[in-house]
Amino acid sequence: MTRRASGGGPYTVEIEDITAPATFANLADALAALWEALRALPLGWTQAEAYRYFLGPDGVERVEAFLERDDQLVLTFAMAGRTHAVLLMQ
């Protein structure tokens, strides 16, 4: 498998069963879109803080490291008794 250079787009994001996939040219915009969508959901404090760690202002470097290694970042959260995946792919 060929790894992409860090900082290269496009980036596709989706929240399983909540948002349709959307593609962004740069990582900062992709993370901001995910964060805005997640902030509107009834997440508990712990879940919200975990997402802020990855998707907040300082998250670009953290997420770049995941993408460089795995080409994707998959996180999950529970809402209304169901688990949803938050996907970010390069």
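Does Ala80 count as buried or exposed, and at what relative accessibility? The close-ups below start there. The model is predicted, with local features needing pLDDT of at least 70 and side-chain atom pairs counting only at pLDDT 80 or more, while totals for chains, interfaces and linings use all residues. Residues are numbered from 1 along each chain as its sequence is written, and side-chain values use heavy atoms, leaving out hydrogens and water.

**View A. Ala80 in the loop between strand 3 and strand 4 (82–89).** Ala80 counts as exposed, at 83% relative accessibility (exposed means over 50% relative accessible area, buried under 20%, partly exposed in between, with a 1.4 Å probe and protein chains only). Ala80 is not a glycine, yet its phi is positive, near 55°. Most residues other than glycine have a negative phi.

**View B. Asp71 in the loop between helix 3 (59–70) and strand 3 (72–79).** Helices (H or I, at least four residues) and strands (E, at least two) are DSSP runs, numbered from the N terminus. Asp71 also has a positive phi without being a glycine, about 65°. Asp71 is buried, with 15% relative accessible area.

**View C. The largest nonpolar core, with 22 residues.** Such a core is a set of buried Ala, Val, Leu, Ile, Met, Phe, Trp, Tyr and Cys residues joined through side-chain atoms within 4.5 Å. Those with the most contacts inside this core include Leu38, Tyr51 and Phe77. Helix 1 gives the largest share, six residues.

**View D. Tyr51 and residues it touches.** Leaving out residues up to four places away in sequence, Tyr51 touches Trp35, Leu38, Leu43, Gly56, Leu75, Thr76, Phe77 and Val86; contact means heavy atoms within 4.5 Å.
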